[in-house]
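Here is a briefing on one structure. Keep the sequence and the 3D view open while reading.

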Amino acid sequence: MSERVIIVGAGVGGLAAAIRLRAAGREVTVLERGARPGGKMREVNVGGLAFDAGPSVLTMPQVFDDLFAAAGEKRAEWVRFVPLEPACRHVFADGTVLDLFNDEPAARDGRSGEPWERSAAAVARVIGGESAEQYRRFRRHAAEVYRTVERPFLLRALPRSPLLLPFTHDWRDALGMSRLDSRRSLWRSLEGFFSDERLRVLFARYATYCGSDPFRAPATLSVIPHVELSQGLHAVQGGMYRLTEALVALGQKLGVRLQCGVEAERIELYGRERRVVAVKAGGERIPADVVVVNCDVRSLARRLLLGTRTGARLAQRVEKDPASLSAFVHLVRTRKGATEAGPLLRHHNVFFSADYRREFADLTQAGCPPEDPTVYLCAPPGQDRWFFLTNTPPLPAGPQEEKAAQAYWQEQAHTCRDRIATRLAGHGIDLSQHAAAEASVTPVDFAALFPDSRGSLYGAASDTPLSAFRRPENRVRGVRNLYCVGGSTHPGAGVPMVALSARIVADLILKG
């Protein structure tokens with residue numbers, strides 16, 4: 001009989017792990033507490049239209065090409081990714097507009113050149129030639145950091161300390177630690193690269209991709225803009241949720257069993273808690289040879305392993321790490337032609353705060369939504385859908401504090417929406433003129449959807465030089481057949497990172 005794998009949670013990480021393990025011959029059942037799969041990659045209805053209410057950015061498409069190939073399929077035959085040009089439009093508080101583009105293998109005139117030359121030319125045109133050269137230097141540095149982290153950090157499990165790297169990884173990976181640029185903050189690094197504040201602010205924003213503060217997060221996070229631009233920013237044809245549907249369909253073709261509306265209640269350990277023997281879910285006891293958990297690691301510790309020594313140890317560890325940021329998401333069904341009526345807009349747009357340092361002081365020190373937020377807007381042309389996002393703190397810890405937060409966010413949601421409208425109005429876009437229907441998603445909603453997360457969207461914040469090593473491991477320490485997959489575990493948050501965590505977990509399981 002083949003090994004029985006139970007996966008708790010049908011987010012992208014759980015679905016990707018299910019595909020890899022089933023393709024390798026394991027018997028796989030996925031249990032999902034929600035009515036539909038997808039986790040954070042989900043849809044909601046606003047004014048009769050289905051909206052993506054989770055991730056809106058897709059990069060590293062080769063990660064999904066590799067996933068489908070592991071099942072003997074071609075990804076393009078299941079779901080289509082469309083490169084976006086420009087990759088993103090950046091609108092600064094002073095009215096400056098700068099587009100950055102996906103990298104190309106060669107300059108358009110046919111001569112050999114750096115792949116980021118189109119973006120460098122845009123920087124030169126908008127900000128100046130000196131800034132363009134600084135951009136080139138930054139991209140070369142970020143590319144070097146990416147080459148350093150790709151193999152040891154993105155494709156393999158990490159030990160709990162960098163001192164153990166020589167024993168678990170190739171010696172070249174251990175030596176590469178000196179090139180990670182982790183001893184200074186991302187902001188300090190950007191001060192060294194860019195003389196123009198606008199470019200510092202632009203690239204500091206990428207720390208929020210993992211819910212972190214650029215004034216604290218290590219400069220290693222410069223890999224994020226490099227990955228996005230070098231491997232291309234894409235839309236999913238039909239919306240991001242089509243990727244979830246494609247993963248579900250592929251899993252079902254392979255024979256993965258998906259059960260929605262079934263909540264896992266407890267993981268049963270045996271033999272001095274050294275192995276999992278079953279999952280209790282929906283009033284049933286389901287025997288398991290391997291369990292993969294695709295939820296916030298805090299929920300694994302507090303709920304699924306409640307009352308065990310393993311759960312207590314894990315809870316003690318994860319509670320020490322600061323929670324990453326949450327978000328206020330505002331969804332607007334626009335009137336016909338609204339996208340065309342706003343010639344400033346592209347598919348992805350960022351409207352920056354006038355005081356970036358103050359914005360993060362509000363978020364991480366005052367613990368409140370920023371008074372002057374940076375606003376992200378996804379406005380796919382011709383789709384009558386505007387997706388807004390601003391960063392917020394996670395909910396306070398503790399049940400009493402979370403209860404108080406519910407009343408707080410009933411009022412605060414209106415304020416956050418008005419701040420978005422004010423930001424747009426400053427650039428000539430009247431939100432009320434274009435809105436036909438609106439809905440909001442607050443940290444309270446995220447906390448309800450993802451138990452024990454406090455509304456935090458990215459697990460622990462990456463705010464220290466050793467954040468990568470502090471992230472919970474993919475294999476739960478002390479239990480030989482219990483694994484974690486998803487954005488709160490290694491290698492990190494974001495759609496491709498979650499899919500890579502599934503690859504790492506599958507490799508660990510298949511190697512035994």
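**Salt bridges across the chain**

Asp372 and Arg423 join their side chains in a salt bridge, with N and O 2.0 Å apart. This pair ties together distant parts of the chain, 51 residues apart. The model is a predicted one.

**The Asp372–Arg423 pair**

- Asp372 sits in the loop between helix 14 (356-366) and strand 16 (375-378).
- Arg423 belongs to helix 15 (residues 399-425).
- Asp372 is partly exposed, at a relative accessible area of 28%.
- Arg423 has a relative accessible area of 12% and is therefore buried, the cut-off being under 20%.

**Other salt bridges**

- The count of salt bridges comes to 37.
- Arg33 and Glu263 form one of them, at 3.4 Å from N to O.
- Arg136 pairs with Glu117, and their closest N and O atoms are 2.6 Å apart.
- Here the link runs from helix 4 (residues 129-154), which holds Arg136, to helix 3 (residues 117-126), which holds Glu117. The two residues are 19 residues apart.
- Arg136 is at 16% relative accessibility and so counts as buried, since the limit is 20%.
- Glu117 is partly exposed, with a relative accessible area of 27%.
- Arg136 and Glu117 also belong to a network of salt bridges, together with Glu114, Glu133 and Arg140.

- Three strands make an open sheet in the order 10-11-12, paired antiparallel.
- Strand 10 (264-270) and strand 12 (284-287) are the edges. Each has a single partner strand, so one side of each lacks a neighbour in the sheet.
- On average, neighbouring strands of this sheet are turned by 30° against each other, direction ignored.
- Strand 10 and strand 11 (residues 275-281) run antiparallel and are joined by six bridges.
- Ala264 has Ala281 of strand 11 opposite.

- Five strands make a second open sheet, in the order 9-2-1-13-19, with parallel pairing.
- Strand 9 and strand 19 are the edge strands, and each pairs on one side only.
- Four bridges pair strand 2 with strand 9 in the parallel sense.
- Leu31 has Gln259, in strand 9, as its bridge partner.
- Helix 19 lies across strand 13 and strand 19 of this sheet. Its direction is at about 165° to strand 19.

**Helix 2 against helix 19**

- Two packed helices are described by the angle between their axes and the distance between the axes.
- The axes of helix 2 (residues 61-70) and helix 19 (residues 495-511) come within 9 Å. They cross at roughly 35°.
- The crossing of helix 2 and helix 19 is left-handed.
- Helix 2 contributes Val63, Phe64 and Asp66 to the contact.
- Helix 19 contributes Val495, Pro496, Ala499, Leu500 and Arg503.
- Of the residues in this contact, six are nonpolar, two are charged and no residue is polar.

**Helix 11, an enclosed helix**

- Which residues of helix 11 are buried? They are Val297, Arg298, Ser299, Leu300, Ala301 and Leu304.
- Six of the eight residues of helix 11 (residues 297-304) are buried, so the rest of the structure largely encloses this helix.
- Those buried residues pack against strand 1 (4-8), strand 10, strand 13 (290-293) and strand 19 (482-484). They also pack against helix 12 (309-318).

Methods: Residues numbered from 1 in each chain as written. Predicted model: local features only at pLDDT ≥ 70, side-chain atom pairs only at ≥ 80, totals over all residues. Heavy atoms only, no water. Pairing = 2+ DSSP bridges. Axes fitted to C-alpha atoms, helices over the stretch in contact; angles between N-to-C directions. Salt bridge = Lys/Arg side-chain N within 4 Å of Asp/Glu carboxyl O. Buried < 20%, exposed > 50% of the residue type's maximum accessible area, 1.4 Å probe, protein only. Left-handed = near helix turned anticlockwise from the far one by under 90°. Contact = heavy atoms within 4.5 Å. Nonpolar A, V, L, I, M, F, W, Y, C, P; charged D, E, K, R; others polar.
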